[in-house]
Amino acid sequence: MSANPAAYAELADFATRHRKLFVLTGAGCSTDSGIPDYRDVDGEWKRPSPVTYQAFMGEESTRQRYWARSLIGWPTMAGARPGAAHRALAQLGEAGRVGLLLTQNVDGLHEAAGSRGAIDLHGRIDTVRCMGCEQRTPRAELQVELRRRNPRWAELEARAAPDGDADLEGRDFSSFDVPACPHCGGLLKPDVVFFGESVPKERVNAAFAALEDADAVLVAGSSLMVYSGFRFVQAAVAAGKPVAAVNLGRTRADPLLSLKVERPVGEALTALAQEIA
Ligand SMILES: [Zn+2]
């Protein structure tokens, strides 16, 4: 796609008029990094909804299925590198234009690109949390243990999915050996907020404080279909702060936007960073 100077000029103008931006990012920022998006341009699910917190915590079979798929999907997540959108937002942050970068992504790619102080609203897939003793350990360490216990699964290859999961429909997961916490024997869970789970209150409060301090909101690569992200746009509009969005396709906030740039997010943010950073 060729550049669209008119839309990019409007975006640069928006960022020039509003010096301190509250930036809210989503899956669209990471598709260039090989992490597929959950939703299509109409905001509908592209594949069956991901596992819920209640199913993960309540059912051994759900955990077997989750970790088997995760074992196979993890190398794609671990190998993902920041893309143009991550780099451009890091540049804008470096230039002092980002009050807070709040991401709905769990891939850690904003930090990898050099953004400082980003809040991972939905947690991080590169960390494992023990639900018994609260110890956090690197996901990479668990991968070694998952492979050791399940050598035949480690051989499988499959298409990667957004949360480091992989497509393995139709397989029998009942023999998958799920490790427990080596310290307390507790249940291990990826340190991400699952569907049906609440975002930790202190994380939400920190984000709302930053929103209060910001001049405007810039949504980048998100359809805002998940309420935990959408509510920040609602709050901004209620407080009279303008909201711009760069997203290919519909967003839940379309009627609330001051500016909508329907262009690839990497390209649009690169143009913005060149213009004002
Ligand atoms: Zn533990």
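Predicted model: local features only at pLDDT ≥ 70, side-chain atom pairs only at ≥ 80, totals over all residues.
Residue numbers start from 1 along each chain as its sequence is written.

Six strands form an open sheet in the order 3-2-1-7-8-9, with parallel pairing. Strand 3 (119-120) and strand 9 (259-261) each have a single partner strand, so one side of each is left without a neighbour in the sheet. Here, strands (E, at least two residues) and helices (H or I, at least four residues) are DSSP runs numbered from the N terminus, and two strands pair if DSSP finds at least two bridges between them. Strand 8 (residues 243-246) runs parallel to strand 9 and is joined to strand 9 by three bridges; Ala244 stands opposite Leu259 of strand 9.

Two helices that pack on this sheet may be considered next. Helix 1 (residues 5-17) touches strand 1 (21-25), strand 8 and strand 9, and its direction makes about 135° with that of strand 9. Helix 8 (residues 201-213) touches strand 1, strand 2 (98-103) and strand 3, at about 145° to the direction of strand 2. Contact requires C-beta atoms, placed from the backbone, to lie within 7 Å; axes are lines fitted to C-alpha atoms, for helices over the stretch in contact, and angles run from 0 to 180 degrees between N-to-C directions.

Backbone geometry draws attention to two loops. Most residues other than glycine have a negative phi. Glu134, in the loop between strand 4 (123-130) and strand 5 (136-138), has a positive phi of about 70°. Leu224, in the loop between strand 7 (216-220) and helix 9 (227-238), has a positive phi near 60°. Glu134 is exposed, with 10 other C-beta atoms within 10 Å, whereas Leu224 is buried, with 26 (buried: 20 or more other C-beta atoms within 10 Å; exposed: 12 or fewer; partly exposed: in between).

The loop between strand 7 and helix 9 also holds Gly221. An unreviewed UniProt entry lists Gly221 and Val106 among the "binding site" positions; such annotations, given in the numbering used here with shortened feature names, may be inferred rather than shown by experiment. Gly221 is buried, with 28 other C-beta atoms within 10 Å. Not counting residues up to four places away in sequence, its contacts include Thr25, Ala85, Asn247 and Val265.
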